Amino acid sequence: MKIASLEISNYEPIKYLKLENLGNTIIIAGANGSGKTRLKQAIVSSFTGTPQVNMEIISTRKEEVEKYFNGKSVIVQKGVPNQVLKSYINSRKYALGGYVGSVVQIDSSRNVQSLSYSAVNWLAGDPDDSETAPTYYFGSFASRWGEFMNYIHQKSAALDKKLADELKKNPSNGQQIFDNNPDPLIKYKEIFSSILPGKELQNIDPAHPGEFKYKDLSGNILPFNTLSSGEQEVVKVLFDVARKDIKHSVVIVDEPELHLHPTLTFKLIEALKLVGDHSNQFIFLTHSADLISTYYSSGDVYFIDSIQTGSNQAHRLSDLNHSHKEIVKLVGQNLGVFAVGKKLIFIEGENASIDRLTYHSIAQKIIPD
């Protein structure tokens with residue numbers, strides 16, 4: 001599923017805001033206090049209880065059309081409980097790590113102060129054999145990270161027990177048994193190395209649950225908390241979404257650039273977009289002029305006007321011209337200078353320029369460091 005349009009009114013500080021014809025990557029910018037986080041809260045709560053926004057939700061899977069939506073879309077109205085949407089969300093129970101056709105919210109409070117590690121239960125089995133709660137990704141990111149750390153230790157313990165049991169039964173088939181039961185940490189190691197070149201995530205010991213460790217370029221084994229705050233944050237976000245096979249879902253990320261160097265921000269967003277084979281819709285709420293510059297040409301970049309100089313507080317930046325002097329002034333005051341094709345050109349096209357995103361991709365290939 002994806003959100004095709006939404007409309008929200010009298011949800012302080014938002015007076016009236018309307019977004020239409022939404023694509024798969026939406027950037028929403030605005031000053032502090034303009035209502036970005038409140039918009040996220042309104043969207044998420046609309047999927048769990050009484051809707052706070054008007055929305056058109058369109059199907060992205062045949063199953064949704066035929067089994068759940070009774071058509072290609074669901075129309076949600078503010079204040080009116082929608083039984084079709086409620087039943088659909090409550091049906092999103094997937095074991096084996098799956099998470100298809102729901103909502104994922106990654107809030108801006110991602111600084112985890114401390115973790116409490118639980119002793120693993122060697123007889124409990126694989127945690128991915130249990131059903132996932134329909135609203136697993138609706139809650140706070142910080143609480144999910146603590147749960148993830150206990151989950152990955154429990155999953156490793158379950159693998160150790162399974163390997164031991166199978167080797168006792170068929171000791172001659174050792175290699176095949178290991179091949180059929182890969183280490184659950186492999187995909188996280190790959191993510192870690194791709195985001196932080198030269199650094200390697202180390203194995204964990206489920207008998208002694210604790211913080212991740214990694215090897216640096218010099219071969220030193222260091223604790224996870226010696227990474228920069230930005231590096232830790234990107235790893236945590238990507239591990240969080242990698243746990244489930246998220247597909248055909250709406251992923252809302254509040255301030256993806258928080259604590260991050262611009263290059264790391266781009267790495268995070270591009271890595272997120274790869275989740276689910278490009279079947280997810282992403283809504284990024286941001287202050288970043290770099291993100292605005294990069295995705296400006298997509299058309300799905302909006303500025304929330306906190307002063308409300310017009311009837312709709314959401315302004316599509318690609319639609320602005322010299323006749324929108326007051327809005328342009330507000331954009332400049334709140335977002336600073338950001339580069340668009342006609343201002344800074346790396347590669348000139350016939351009708352427009354393919355600028356930051358293309359140049360960034362080329363540079364990453366040629367000079368990955």
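**Charged pairs, strands and core**

Modeller: A search of the whole structure turns up 15 salt bridges, where the term means a side-chain nitrogen of Lys or Arg within 4 Å of a carboxyl oxygen of Asp or Glu. This is a predicted model, where local features need pLDDT of at least 70 and side-chain atom pairs count only at pLDDT 80 or more, while totals for chains, interfaces and linings use all residues. Residues are numbered from 1 along each chain as its sequence is written, and side-chain values use heavy atoms, with hydrogens and water left out.

Side chains of opposite charge can pair when their charged atoms come close. Let's begin with Lys15 and Glu12, whose side chains meet in a salt bridge at 2.9 Å, N to O. Lys15 has a relative accessible area of 36% and is therefore partly exposed; the scale calls a residue buried under 20%, exposed over 50% and partly exposed in between, using a 1.4 Å probe and protein chains only.

Next up are Lys18 and Glu20, with a salt bridge at 3.7 Å, N to O. Lys18 is partly exposed at 30% relative accessibility, and Glu20 is partly exposed at 41%.

Now for the strands. The chain has 11 helices and 15 strands; these are DSSP runs numbered from the N terminus, with helices being H or I runs of at least four residues and strands being E runs of at least two. Take strand β1, residues 2-11: 7 of its 10 residues are buried, so β1 is largely enclosed by the rest of the structure. Strand β1 pairs with strand β2 (residues 14-19) through 5 bridges, and the two run antiparallel; strands count as paired if DSSP finds at least two bridges between them. A hairpin of 2 residues joins β1 to β2, and Tyr11 stands opposite Ile14 in β2. Strand β1 is also joined by 5 bridges to strand β4 (residues 54-58), again antiparallel. In that pairing, Leu6 has Met55 in β4 as its bridge partner.

Strand β14, residues 301-304, is another one to find on your screen. Both of its faces are covered: Val301 and Phe303 on one side, and Tyr302 and Ile304 on the other, are all buried. It is joined by 3 bridges to strand β3 (residues 25-29), and that pair runs parallel, with Ile27 standing opposite Val301. Strand β14 also pairs with strand β15 (residues 314-316), this time in the antiparallel sense over 3 bridges, and there Ile304 stands opposite Ala314.

What about the packing inside? The largest nonpolar core has 85 residues, and those with the most contacts inside it are Phe47 and Phe212. Helix α7 (residues 229-242) gives the most to this core, with 7 residues. A nonpolar core here is a set of buried Ala, Val, Leu, Ile, Met, Phe, Trp, Tyr and Cys residues joined through side-chain atoms within 4.5 Å. Leaving aside neighbours within four places in sequence, the contacts of Phe212 include Trp145, Phe148, Met149, Leu201, Pro223 and Phe239, a contact being heavy atoms within 4.5 Å.

Ile362, Ile366 and Ile367 make a surface patch of about 320 Å². Patches take residues with over 30% relative accessible area and no salt bridge, joining like charges within 9 Å and nonpolar side chains (Val, Leu, Ile, Met, Phe, Trp, Tyr) within 5 Å. Ile366 lies in helix α11 (residues 356-366) and is exposed, with a relative accessible area of 63%.

Finally, zoom out to the chain. Of its 369 residues, 48% count as buried. Its accessible surface is about 18000 Å², and 51% of that belongs to carbon and sulfur atoms; areas come from the Shrake-Rupley method with a 1.4 Å probe, and for residues only the protein chains shown count as cover. Among contacts with a separation of 6 or more, 68% come from residues 24 or more positions apart.
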